[in-house]
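Some notes on the model follow, as numbered points.

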Amino acid sequence: MPFDPAFASIFPRTANVAAGRLSIGGCDAQELTREFGSPLYVFDETELRETCREYVAAFSSRYRETTITYASKAYLSRWMAALAREEGIGLDVVSGGELSVAMAAGFPAERCHFHGNNKAEDELHEAVDAGIGRIIVDNFGELELVAAVARARGRRQPIILRLSPGVDAHTHAKTTTGTLDTKFGLPISTGAAGQAVVDALRTDGVELVGLHCHLGSPLFSLEPYDEANAVMLAFAAEMRAKHGFELREYSPGGGFASQYVRERPAPPVDAYAEAIASSFLRRCRDHDLPPPRLFVEPGRSLVARAGVALYTVGARKEVEGLRTWVSVDGGMADNIRPAIYDAKYEAVVVNRADDEASETVTIAGKYCESGDLLVKDARLPRTQPGDVIALPASGAYNLSMASNYNMALKPAVVVVRDGRGRLIRRRETYADLLTTDVWGE
Ligand SMILES: *Cc1c(COP(=O)(O)O)cnc(C)c1O
């Protein structure tokens, strides 16, 4: 059976199968593991740049005053930050650590937005000192803290308030963030958001420039964005009428879906752009609001498809009449999503990509948890130890959530383009496991 064409929209656009072997960015996948080791994360630079350009074009063609800011918690490295800079997009950071990596790559601080529900005072100092573009204030305590930090530095920091609009995005309970019962943001319905606008307008050291919400992830339907725009822009109009607040910047967040499995395609970028931009402009018109600058914050959907995880097959266990396990050399330490979100993936044996699927197996990781599974009930050709299995759509929230559980060594990361693979993160070594262990020194 040839490589299923339905995989084409899950793998990077450069993926190709010839003589039964899968290549990405012109590089033979199994050869990459021979050169750089296994497990291996491969990012396709062409795919990633194409997706950045799609986002910029899709939104700015519908509303010119749009800025795409990549939510870097999905995947960040100096290479990624440099690429974002080259593509003209901004960066959302949620910690001093993410900010420090962005700065180390020479990313302009004024194009960074600092999110999070409990930023530490130190982190706020670092952000203000770096000259961060916006701080997204999540709660009353943080408003005071940001103002105090900015005043101490003789600055007036531009801020945006994160609101919780009370919109249920109907996604996984662990990734829903726009409802009333969430730790994120100032609720509109309780009056907290209104009070925060009043407080922010009166507080020295901060300049309130806009409003933000983020509903959760991944959102396969478009309606929640319109619901959120309706609530948020009505609130902005109310604040203008009551307090003279002028909305200059607005963000309905990110949360765009990406495709992980054949049976669940994600809406194209254009569909999100059309839904969000048209709803945004219509709601602004309804309230007679001059349309503010629009910030759109894709994380997952910008990087997921560009990343492919490669694992090497090891042990096999058959339980008669029940299940066959095929274990690989990675698992929950590099991809915890199946364990915590029940996330689904496709799997392709890269050196037998045209072979008929002949059995149903569960692809297990190598770590000491029964929940350490990568793919349940995968249809694969019969594999041998040494075969290499690719899991596409592994670019988002895999490496950024990776751990050293079982003292696992985090995998190497390679960027492929035009038939060449370039190492951007070396595989960890045992010595790395001891670099922060200061016992006896
Ligand atoms: C995580 C996050 C995003 C991006 O979410 P994705 O689902 O990865 O697109 C955008 N905005 C904020 C504030 C976030 O916390």
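1. In this predicted model, the largest nonpolar core comprises 126 residues. Ile-159, Leu-161, Leu-310 and Ile-363 have the most contacts inside this core. Helix α8, spanning residues 223-243, supplies the largest share of the core, with seven residues. Both domain 1 (5-37 + 306-433) and domain 2 (46-301) give residues to the core, so the core lies between them.

2. Pro-392 sits in the loop that runs between β19 (388-391) and β20 (412-417). Is Pro-392 buried or exposed? Its relative accessibility is 0%, and because buried means under 20%, Pro-392 counts as buried. From Pro-392 to Ala-306 the C-alpha to C-alpha distance is 8.4 Å, although the two are 86 residues apart in sequence.

3. The ligand has 16 residues around it, and those that come nearest are Lys-73, Ser-217, Glu-297, Arg-300 and Tyr-397. Sorted by class, this shell holds five charged, seven polar and four nonpolar residues.

4. Which atoms of the protein lie 2.9 Å from an oxygen atom of the ligand? One is a backbone N or O atom of Gly-255, and another is a polar backbone atom of Gly-299. For Tyr-397, a polar side-chain atom is 2.5 Å from an oxygen atom of the ligand. Taken alone, the ligand exposes 380 Å², and the protein buries 94% of that area.

Conventions
Residues are numbered from 1 along each chain as its sequence is written. This is a predicted model: local features need pLDDT of at least 70, side-chain atom pairs count only at pLDDT 80 or more; totals for chains, interfaces and linings use all residues. Side-chain values use heavy atoms; hydrogens and water are left out. A residue is near a molecule or strand if one of its heavy atoms lies within 4 Å of it. A polar contact is a pair of N or O atoms within 3.5 Å; within protein, one must be able to donate a hydrogen and the other to accept it, and residues adjacent in sequence count only if both atoms are side-chain atoms. Accessible areas come from the Shrake-Rupley method with a 1.4 Å probe; for residues, only the protein chains shown count as cover. Ala, Val, Leu, Ile, Met, Phe, Trp, Tyr, Cys and Pro count as nonpolar, Asp, Glu, Lys and Arg as charged, and the others, Gly among them, as polar. A nonpolar core is a set of buried Ala, Val, Leu, Ile, Met, Phe, Trp, Tyr and Cys residues joined through side-chain atoms within 4.5 Å. Buried means under 20% relative accessible area, exposed over 50%, partly exposed in between (1.4 Å probe, protein chains only). Helices (H or I, at least four residues) and strands (E, at least two) are DSSP runs, numbered from the N terminus. Domain bounds come from an automatic or database domain assignment.
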